[in-house]
Amino acid sequence: MEVPARARAYVSCVVVGALICVLPLPTVRTPWWAVLLFAVLYGGCEQVAARWRFAGTFYPVLLAAAFLLPPSAAALVPLPGALLSPVEQRPRWLRRLWRAAQLSVAVWVAARVHGALGGRDAVGACDVPFALGPAGAAVLAFCLVLSVLDGGIRALAVGAPPAPSGQRGRVPVRRAWRGLFPRLLAPIAVHGLAGLMMAVLWRSPYGPVAALLVMLPMCVSWWAFAQYHRERGAHRATIRALVQAVDIKDGYTRGHSERVGQASMMIARELGMPDERVEVLRFAGILHDVGKLGVPTRLLRKDGPLTPEERRVIELHPEYGHEMVRGICFLGEARAAVLHHHERLDGSGYPYGLRGSQIPESARVVAVADAFDAMTSTRCYSRARPVDVALRELERCAGAQFDPLMVRALVRALSRHGWHPAVTADDVPPPRPLPPDPPVSSRTHPDSVGRSTP
């Protein structure tokens, strides 16, 4: 992966900042045995995390070092572990340097804040109530530095084309720092309490051995969290397999699921939804047609009008899909989107004929994304429409078939970012000539826009 020159320059500046944090070491009275112990402990935790394939950092060790050591000594603790930790993505050396420098600066700032507020004296006196205030301020400073530095890296890549669905891409400046601080604060606050307990026990008559015992329950909870992430990864692999099966079964809609996921994500972000919900709606878009696995292939590929009986068979696919995904707990509201993405605001949709606000919001998002991609992709029953034509048709049907709020959100998102789908249905040419294009509003397929006339 090629790293932009400005990103390399940014990493270099942070590395220089980390070196400046460490420079006063020769002039500071440093307990080197404690620095070495914390560094080995943190490095060991990083290696265990890599072995468990857990993407995270064991912050209690770093925060305990910030509470106990001089700032320049504490800044040294994360360097060996971060520089030697396994990295999967290239360039590995640059990623290691970035992580080491970022953590070093954050720990140095936390130690400075903690010391300035008298936290080190409170820890030395084992005065836990008084130590909570400085420790809390140090945790806030630690989170703030990590958030600011992470946001800077994200903001440097403004103007690049969107990344394929499911991959982290370049982020506009206005969203570079959005949600970073709140997302870090809760877990690091818990780690901060554990770090404070380690520091107080370290200064107590029981010594460093008792402090290390604090890590046992933290390691157990860390392991449980790693198992959760591995299970989540297994679910995602299952989702990918299901989507690939749908694409193989219905060759004319190759990539349709990924594109609907991408459009659903754009709508959700335009509406200001939190990142966690944006991710759920992306899954909803990806999985919305998984029920087509239960529909005969000949119906999915039919290039003429569907008979009433054939239409009834195809209209069962939302219920098939819902049965397939109902056991995937982390999908949340995505399951409702799979079931209701063909409902219409005027009650003429299926499978239950829901009206207006009875239709889940997630389903209203996916319905717009699904119809948009159906119109802008070449199918066996229609030619691709230009994006502006598809948007005008969505606006015409807003209020009757689609939620106007979702349509406006898609229009705004596309006006700012354009439409750059990661996968297109046109990569594989259809095996037979396409029929003449019917009017958009009179298509005879369940993915069509407007009232269908079998």
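**Asking how we know: helices, salt bridges and a cavity**

Visitor: What makes helix H3 (residues 59–68) count as largely enclosed by the rest of the structure?

Guide: Buried here means under 20% relative accessible area, with exposed over 50% and partly exposed in between (1.4 Å probe, protein chains only). In H3, 10 of the 10 residues are buried, so the helix is largely enclosed by the rest of the structure. Among them are Tyr59, Pro60, Phe67 and Leu68. Helices are DSSP runs of H or I, at least four residues, numbered from the N terminus. Bear in mind that this is a predicted model: local features need pLDDT of at least 70, side-chain atom pairs count only at pLDDT 80 or more, and totals for chains, interfaces and linings use all residues. Residues are numbered from 1 along each chain as its sequence is written, and side-chain values use heavy atoms, with hydrogens and water left out.

Visitor: Why is the contact of Arg282 with Glu279 called a salt bridge?

Guide: The rule asks for a side-chain nitrogen of Lys or Arg within 4 Å of a carboxyl oxygen of Asp or Glu. The closest N and O atoms of Arg282 and Glu279 are 3.4 Å apart, so the pair meets the cut-off. Both sit in helix H14 (residues 275–287), 3 residues apart, which puts about one helical turn between them. Arg282 is buried at 8% relative accessible area, while Glu279 is partly exposed at 23%.

Visitor: What makes Arg298 and Glu310 a pair that ties parts together?

Guide: Their side chains meet in a salt bridge at 3.8 Å, N to O. Arg298 lies in helix H15 (residues 297–300) and Glu310 in helix H16 (residues 308–314), so the pair ties together parts that are 12 residues apart in sequence. Arg298 is exposed at 58% relative accessibility, whereas Glu310 is buried at 13%.

Visitor: Which other salt bridges are there, and how many does a search of the whole structure find?

Guide: The search finds 15. One of them joins Glu309 and Arg312 at 2.8 Å, N to O, and both residues lie in H16, about one turn apart. Elsewhere, Glu270, Arg412 and Arg416 are linked in a network of salt bridges.

Visitor: Why is a space called a cavity?

Guide: On a 1 Å grid over the protein atoms alone, a cavity is a set of points where a 1.4 Å probe fits but cannot get out.

Visitor: Which residues line the largest cavity?

Guide: Lining residues have an atom within 4 Å of a point; they include His340, Glu343, Phe402 and Asp403. Helix H19 (residues 361–376) gives the largest share, 3 residues.

Terms used:
Helices (H or I, at least four residues) and strands (E, at least two) are DSSP runs, numbered from the N terminus. On a 1 Å grid over the protein atoms alone, a cavity is a set of points where a 1.4 Å probe fits but cannot get out, and a pocket is an open set with protein on both sides within 12 Å along at least five of seven lines; lining residues have an atom within 4 Å of a point.
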